[in-house]
Amino acid sequence: MQQRSLASTSRSVSAIGLGTWQLGADWGDVDEDQALAVLGASADAGVTLFDTADVYGDGRSESIIGRFLADRPGHDITVATKMGRREAQVPENYTPANFRAWTDRSRRNLGVETLDLVQLHCPPSAVIESDDTYDALDELVADGAIAAYGVSVETTAQALAAIARPHVTNVQIIFNPFRLKPLDEVLPAAAAAGVAIFARVPLASGLLSGRYTAQTTFAADDHRSYNRNGEAFDRGETFSGVDFETGLTAARRLAAAVPEGLTLPAATLGWIASRPGVTSVIPGARTTEQARANAAAAALLEGGTDLTGFADEIVAVYDEFLRADIHPHW
């Protein structure tokens, strides 16, 4: 697995990481043994970045990761967690006291003295633009509660505001064939500033798995059932904000352009990871088979497979089906 420098830190992280929202049981039930097996399959395949959050299963995801890593002394895994959604997402809740309480809780969940990387979890733009935010985060670094910090964002404007801050290690943003706007300014700005980019929701909540049809249904407690129109949080988090039927049509077109011998998810993950400015792609996985398949996509970064035709079709499909609705919104 290709390892890439995590910005100005001394750490390196894998080109394909693991997102662990699903281990908090917010995508339907995942039992603890299954969750631990997914973590193990990923680590054994060379994944060295686990991305989680304090609200994934109300801390369940963090706690499971903590137990897993406690049984793997000497591991090289970086855990990137997130904070800021335990209270209403209004600027007045992003205080030094809350930052301290949230990070202390995550430290307990993960069983560590110092958190590797903490990202603000899609806060309001006013928080991203405030000097006070970064003063508070710098204080946590100085105290040894966290080693580094970044920002997870919804929009490219928020990403650019975070990238402009001198101590921001990474920006996490939705980037996939259904969400191409980060290519315009965000990835070049991050590369120029030495800020890492984590590409989240890379398979558009499974739309780019190639497995879904118009008859596919999801559990009632799965956000793909209850948040399609942004009922619970930003609709861009579910299917990248793409209408489900439109996404199915676009995914079929892309699947037809995948090079022989590859799957649509593998080609998608390989393409994202190969974009200049991307540090790591963080797909989720509910099974060990998914975890191994996601990690295996990193082999495409070593050459030997021409993704040019697939890349051209990504742009063509986006322009035809998605650009008018998606590009102006995020």
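Me: Which residue is the bridge partner of Ala80 in β6?
Reply: That's Leu117. Keep in mind as we go that this is a predicted model.

Me: And how many bridges join β5 to β6?
Reply: There are 4 of them, linking residues 78–83 of β5 with residues 117–121 of β6, and the two strands run parallel.

Me: What's the strand order in the whole sheet?
Reply: It goes β3-β4-β5-β6-β7-β8-β9-β10, an open sheet of 8 strands with parallel pairing.

Me: Nice. Which strands does helix α5 lie across?
Reply: Helix α5, residues 131–143, lies across β5, β6, β7 and β8, and it runs at about 140° to β7.

Me: Switching topic: is α10 buried or exposed?
Reply: Buried: 10 of the 10 residues in α10 (264–273) are, so the helix is largely enclosed by the rest of the structure. Among them are Trp271, Leu269 and Gly270.

Me: What do those buried residues pack against?
Reply: Their neighbours are β1, β9, α9, β10, α11 and α12.

Me: Last one, Glu313. Where is it found?
Reply: Glu313 is in helix α12, residues 308–326. Its side chain makes a polar contact of 2.9 Å with that of Arg253. Beyond neighbours within four places in sequence, Glu313 touches Arg253, Leu254 and Ala257.

Notes:
Residues are numbered from 1 along each chain as its sequence is written. This is a predicted model: local features need pLDDT of at least 70, side-chain atom pairs count only at pLDDT 80 or more; totals for chains, interfaces and linings use all residues. Side-chain values use heavy atoms; hydrogens and water are left out. Two strands pair if DSSP finds at least two bridges between them. Contact means heavy atoms within 4.5 Å. Axes are lines fitted to C-alpha atoms, for helices over the stretch in contact, and angles run from 0 to 180 degrees between N-to-C directions. A polar contact is a pair of N or O atoms within 3.5 Å; within protein, one must be able to donate a hydrogen and the other to accept it, and residues adjacent in sequence count only if both atoms are side-chain atoms. Buried means under 20% relative accessible area, exposed over 50%, partly exposed in between (1.4 Å probe, protein chains only).
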